[in-house]
Amino acid sequence: MTDKLTIEEVYKAKEVLNDVARHPRLVPTKICEDAEIYLKPECLQHTGSFKLRGAYYKISQLTPEEKERGVIACSAGNHAQGVALGATRNGIKSLICLPAGAPISKVEATKHYGAEVCLVPGVYDDAYAKAIELRDKHGYTFVHPFDDPLVIAGQGTIGLEILEEMPDVEEIVVPIGGGGLISGLAFAVKTLRPDVKIYGVQAEGAPSMAESLKLHRMIHLNSVSTIADGIAVKEPGVNTFDLVNRYVDDIVTVSEDEIAAAILYLIEKQKLVAEGAGAVPVAAVMAGKIPVKGKKVVCLVSGGNIDVNTLNRVITRGLKVGGRLLTLTIDLADKPGQLSGVCSVIADLGANVVSINHERTGNTHGINDCIIRVELETRNHDHVDQIKQTLHDKGYKIIG
């Protein structure tokens, strides 16, 4: 079906979306000193994600009969919102199947945009199976989240916008779940500028496309696990696997800690809220997994729909990864002045105490000892090492 995708189709999608989608401008950033890095903040898009583009364009091209029957889709959340908004604006009924574990914020947003929601136990692939079942039963038109030429063409409009704003771009770094975004973008960019390098990024806990390319065949992962729920896909699409194989230069993976650090960076330095899937290109560049030295690079921040409870945990993790938050467990003699001595060291070294927990548990080195757990705000990893070393030099026993 990839022969149905043409550059003319992508330009047609651009015209349709011209007054529908936002077109966020590129944002310069200082992720690294030896390259020019820019962000394409699709997290500022209507519905908070690029998914609106492909979903809306697909729905806009339905026949009157298809529109009358309504549409159905499955999604971890972002595609759901895009389909819901696109259908509502076109006066069409929409039913969305979401994994039962999808963030509450995404479920409620999907309903807010006018869709009926069906929660399905499991992950994306389980929601997909349910959507196909309901499609066949009721005659809905299925709007695939990534493996559809019209959806892919809609996502490809991002590539056109990047080239228009930055004709001399040398590399574009893109998240990969099922592959619809990178397929459309890579096809559009490589058709017009074959010299531009396109790099894909997946979470280590959901590397379906990376593994498929490595083995030269589509594979199905038994399970996926990542805070980047928007790209937690067990198997790539037939069309997207073909397009990625033809147009994408390389795919790398990033860890959960690297994703958390990237989310924190975007919040603190760029004042942008990104979900895990949206932050993986920045994570890859920060971790040195993309060869960006001396290049002009665009990182596509694909979405910002992160659940606030998840965001809180991610920020905490990102602070720890970056040496900004430290928890020390210290075995102390249970006598006056010991805690004061620890606090004195911490204060002298300029760290800030967030909390202290004192325990007499019996799980100590000496029968008259106690355990304290101190949570500190610190500056960086060097600061952490300095605090630990000073406490050690003063005779305090750090056990965790």
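Helices (DSSP runs of H or I, at least four residues) and strands (DSSP runs of E, at least two residues) are numbered from the N terminus. By that count, the chain has 15 helices and 14 strands. The model is a predicted one: local features need pLDDT of at least 70, side-chain atom pairs count only at pLDDT 80 or more, and totals for chains, interfaces and linings use all residues. Residues are numbered from 1 along each chain as its sequence is written, and side-chain values use heavy atoms, with hydrogens and water left out.

Start with the whole chain. Its C-alpha trace spans about 80 × 50 × 40 Å along the principal axes. The chain has 400 residues, and 58% of them count as buried. Buried means under 20% relative accessible area, exposed means over 50%, and partly exposed lies in between (1.4 Å probe, protein chains only). A contact means heavy atoms within 4.5 Å. Take the contacts between residues at least 6 apart in sequence: 72% of these join residues at least 24 apart.

Now look at pairs of helices. Two packed helices are described by the angle between their axes and the distance between the axes. Axes are lines fitted to C-alpha atoms, for helices over the stretch in contact, and angles run from 0 to 180 degrees between N-to-C directions.

Find helix 11 (residues 256-270) and helix 12 (residues 276-286). They pack at an angle of about 100°, with their axes 8 Å apart. That makes helix 11 roughly perpendicular to helix 12, a label for angles of 65 to 115 degrees. Helix 11 contributes E258, I259, A261, A262, I263, Y265 and L266 to the contact, and helix 12 contributes G276, A279, V280, V282, A283 and M286. By class, the contact has 11 nonpolar, 1 polar and 1 charged residues. Here Ala, Val, Leu, Ile, Met, Phe, Trp, Tyr, Cys and Pro count as nonpolar, Asp, Glu, Lys and Arg as charged, and the others, Gly among them, as polar.

The loop between helix 11 and helix 12 holds K271. Its phi is positive, near 60°, and K271 is not a glycine. K271 is exposed, with a relative accessible area of 65%.

Next come helix 9 (residues 208-215) and helix 10 (residues 238-247). Their axes come within 11 Å and cross at roughly 65°. Helix 9 is thus roughly perpendicular to helix 10. M209, S212 and L213 of helix 9 meet T240, F241, V244 and N245 of helix 10. This contact has 4 nonpolar, 3 polar and no charged residues.

H216 lies in the loop between helix 9 and helix 10. H216 has a positive phi of about 60° without being a glycine. H216 is exposed, at 67% relative accessible area.

Note on methods
Parallel < 35°, antiparallel > 145°, perpendicular 65-115°, else oblique.
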